[in-house]
Amino acid sequence: MRVDIIKEYNEARNAISFDWINLLFSLGIVPVLVPNHQTAPDHFFKSFDFDGLILTGGDDIQLAPDDIYNDPSVNPKWDRDSTEYRLLELAIQNRLTVIGIC
């Protein structure tokens with residue numbers, strides 16, 4: 001999910017377009033939305049039996065792959081980068097199909 005910065009509330013939020021949810025359900029796919037948090041991918045991979053991974057796009061990449069353990073408090077969007085790097089790593093380890101949207 002992308003990270004939206006809501007200025008009037010001074011907070012960052014996980015977000016995904018309704019279009020994604022509607023599309024996936026129309027294809028008979030039940031999405032599992034993984035929040036942007038450093039430990040979330042490991043917890044979710046232990047809890048669910050995934051068939052694939054979709055990286056939905058949006059936001060610019062903030063980190064290089066070797067920087068994923070930096071403190072994300074400097075920029076809330078770093079949470080997304082570290083989450084997606086770990087999701088991709090786990091998907092490869094589990095030999096899952098990955099679709100990445102630019």
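In this predicted model, the side chains of arginine 13 and glutamate 11 meet in a salt bridge, with an N to O distance of 2.6 Å; the term denotes a side-chain nitrogen of Lys or Arg within 4 Å of a carboxyl oxygen of Asp or Glu. Arginine 13 is partly exposed at a relative accessible area of 36%, and glutamate 11 is likewise classed as partly exposed, at 33%. Here buried stands for under 20% relative accessible area, exposed for over 50%, and partly exposed for what lies in between, using a 1.4 Å probe and protein chains only.

Residues are numbered from 1 along each chain as its sequence is written, and side-chain values use heavy atoms, with hydrogens and water left out. Because the model is predicted, local features need pLDDT of at least 70 and side-chain atom pairs count only at pLDDT 80 or more, whereas totals for chains, interfaces and linings use all residues.

A search of the whole structure finds five salt bridges, among them the following.

| Pair | Closest N to O distance |
|---|---|
| Arginine 86 and aspartate 42 | 2.6 Å |

Arginine 86 forms a salt bridge with aspartate 42; since arginine 86 lies in helix H3 and aspartate 42 in helix H2, the pair ties together parts that are 44 residues apart in sequence. Helices (H or I, at least four residues) and strands (E, at least two) are DSSP runs numbered from the N terminus. Arginine 86 is buried, with a relative accessible area of 19%, while aspartate 42 is partly exposed at 26%. Glutamate 89 is partly exposed, at 37%, and salt bridges that share partners join Asp42, Arg86 and Glu89 into one network.

The largest nonpolar core has eleven residues, including Val34, Phe44, Phe50, Leu55, Leu87 and Leu96; such a core is a set of buried Ala, Val, Leu, Ile, Met, Phe, Trp, Tyr and Cys residues joined through side-chain atoms within 4.5 Å. Helix H2 (40–47), strand E3 (52–55) and helix H3 (77–93) each supply at least two residues of this core. Phenylalanine 50 touches Val32, Phe44, Phe45 and Leu96, not counting residues up to four places away in sequence, where contact means heavy atoms within 4.5 Å.
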